[in-house]
Amino acid sequence: MNPIKVGMISLGCSKNQVDAELMMAMIVEGGWQVVGDPEHCDVVIINTCGFIEDAKRESIDTILEYCRKKEEGRLRAVVVTGCLAERYQQELAQEIPETDVVLGIGKNSHIVQAIREALEGQRVVEFGPKEDLGLEGERILANPPYFAYIKVAEGCDNRCSYCAIPLIRGGFRSRSMEDIMTEVRRLAARGVREMNLVAQDTSRYGLDRYGKYMLPELIHQVCQVEGVDWVRILYAYPERITDELIDAIAKEPKVVKYIDIPVQHGSGKVLREMNRVGDRHTILALVKKLRERIPGVVIRTTMIAGFPGETQEDFEELCKLVTEARFERLGCFAYSQEEDTPAGEREDQIDPKVRADRADRIMELQMDIAFEFARSCKGKVLDVLVEGRQGGRYYGRSYMDAPDIDTRVYFTSKEKLSAGQLVPVEITGSREYDLVGVAR
């Protein structure tokens, strides 16, 4: 008898992807087969995102699409997990009765039993404490085998007024350093060369468990692992960028000189109403400090345009921050009004078209900055992690590029290369955001 084939569609962020990878390992351990193409499986798991309106819509559309496939006889069961299932729980189960399984994040460890019951004709709808979400165990990577995301903590305590993550994921809780290092060693032994450290607030790591910020110490330990070439820091809050963290990034050769800092806005008034700290001047001071102490550092950030009550003056502060800071990497989102959040309940919501126009304006400003930065890289020699080949050229990422979200380096090589290799590439030019070059 052929094993049950299970497909996984994981939507949203890298942290959600880690949850999906843990579930896939459970499925294999349960005796079933994980297939890469959800079009050719018996069961599909949709690991949903519920963060902002666009993500929720994508999740719902994907669920409905696969429910239709089941009605056509192309699937035996549709399973819904992840943030949307956790956020809306019984409401989601009732609104889309065609689903066979709806699991909250606290029941991810029940995934095999839930699918088994669904295949026997039962409908499974289960939720548990958010804190029951498992963070340890074997993983089947959903991305190429040379990089991985290392989730160092779960949940969030920041309570930004626009954000529903604490409602969905619960309070911040760090993993033990021993468990993280066990995972890093296991992945490195499997050939993972790039470790991307992630959490809702990576810079807070350790405060709840050890009574102090432990990210610098964790970085030092990860860098000692044989086989690890790159260590990358994602989602570090600006107010927790300590001198110790800066030193760890600057002095550890394996730590790529790249940091992701979601600053969100430039207006002090808007930041206070977001329940965040600082203003344009404090952010500029941090950027200056990072560039002085970490030569060649690349800074990624995210912004929100159209927050409730954002005046034209507030928006101009945001524009000034973008033009003055000249972030190498930047994404801007139009504010999404989220239910059950303080910002979502405000009466001074900005018209959605104005929000979108303002976000577009920020990205227009950033486009010129990004193109100029790409041009400035001409003549540099960068180590590039090879990812594939396209149109007669190889492509990959330098230290300046996080997986999935940043730019690429396209280059030629006289030697035959394989995905996962690190090769020096001389940059000869740029093509909008991307770099072009020749392997040396």
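Buried means under 20% relative accessible area, exposed means over 50%, and partly exposed lies in between (1.4 Å probe, protein chains only). The model is predicted, so local features need pLDDT of at least 70 and side-chain atom pairs count only at pLDDT 80 or more, while totals for chains, interfaces and linings use all residues. Residues are numbered from 1 along each chain as its sequence is written, and side-chain values use heavy atoms, with hydrogens and water left out.

Gly227 is partly exposed, with a relative accessible area of 39%. Helices (H or I, at least four residues) and strands (E, at least two) are DSSP runs, numbered from the N terminus. Gly227 sits in the loop between helix H8 (215-223) and strand E11 (230-233). Contact means heavy atoms within 4.5 Å. With neighbours within four places in sequence left aside, Gly227 is in contact with Val192 and Arg193. The C-alpha atoms of Gly227 and Ala334 are separated by 40 Å. Along the chain, these two residues are 107 residues apart.

Aromatic pairs were examined next. Rings of Phe, Tyr and Trp (its six-membered ring) pair if their centres lie within 6.5 Å. Planes under 30 degrees apart count as stacked, over 60 as edge-to-face and the rest as tilted. The count by this rule comes to 7 aromatic pairs. In one of them, the rings of Tyr162 and Phe307 have centres 6.5 Å apart and planes at 85 degrees, so the pair is edge-to-face. Tyr162 lies in the loop between strand E8 (153-154) and helix H5 (165-169). Phe307 lies in the loop between strand E13 (298-305) and helix H12 (312-325). The pair therefore ties together parts that are 145 residues apart in sequence. Tyr162 counts as buried, at 8% relative accessibility. Phe307 is also buried, with a relative accessible area of 0%.

Phe307 pairs with Tyr335 as well: the ring centres are 5.6 Å apart and the planes stand at 75 degrees, so this pair is edge-to-face. Tyr335 is in the loop between strand E14 (329-334) and helix H13 (352-376). This pair links distant parts of the chain, 28 residues apart. Tyr335 counts as buried at 4% relative accessibility. Elsewhere, ring pairs link Tyr146, Phe147 and Tyr149 into a cluster.

Charges over rings were also examined. A charge sits over a ring if NZ of Lys or CZ of Arg is within 6 Å of the ring centre and within 35 degrees of the ring normal. Arg204 lies over the face of Phe172, at 5.9 Å from the ring centre. Arg431 lies over the face of Tyr410, at 4.8 Å from the ring centre.

Two packed helices are described by the angle between their axes and the distance between the axes. Axes are lines fitted to C-alpha atoms, for helices over the stretch in contact, and angles run from 0 to 180 degrees between N-to-C directions. The axes of helix H9 (residues 243-251) and H11 come within 10 Å and cross at roughly 35 degrees. A crossing is left-handed if the near helix is turned anticlockwise from the far one by less than a right angle, and right-handed if clockwise. H9 passes H11 in a right-handed crossing. From H9, Asp243, Ile246, Asp247 and Ala250 make the contact. H11 contributes Lys289, Leu290 and Arg293.

Arg280 also belongs to helix H11 (residues 280-293). Arg280 counts as buried at 10% relative accessibility. A polar contact is a pair of N or O atoms within 3.5 Å; within protein, one must be able to donate a hydrogen and the other to accept it, and residues adjacent in sequence count only if both atoms are side-chain atoms. The side chains of Arg280 and Glu324 make a polar contact (2.8 Å). Beyond neighbours within four places in sequence, Arg280 is in contact with Gly266, Glu317, Lys320, Leu321 and Glu324.

Thr302, in strand E13, is buried, with a relative accessible area of 18%. Not counting residues up to four places away in sequence, Thr302 touches Ile261, Pro262, Val263, Gln264, Gly331 and Phe333. Gln264 is found in the loop between strand E12 (255-260) and helix H10 (268-273). Gln264 is buried, with a relative accessible area of 9%.

Most residues other than glycine have a negative phi. Phi of Gln264, however, is near 75 degrees, a positive value. Gln89 has a positive phi of about 45 degrees although it is not a glycine. Gln89 is in helix H3 (residues 83-95) and counts as partly exposed at 26% relative accessibility.
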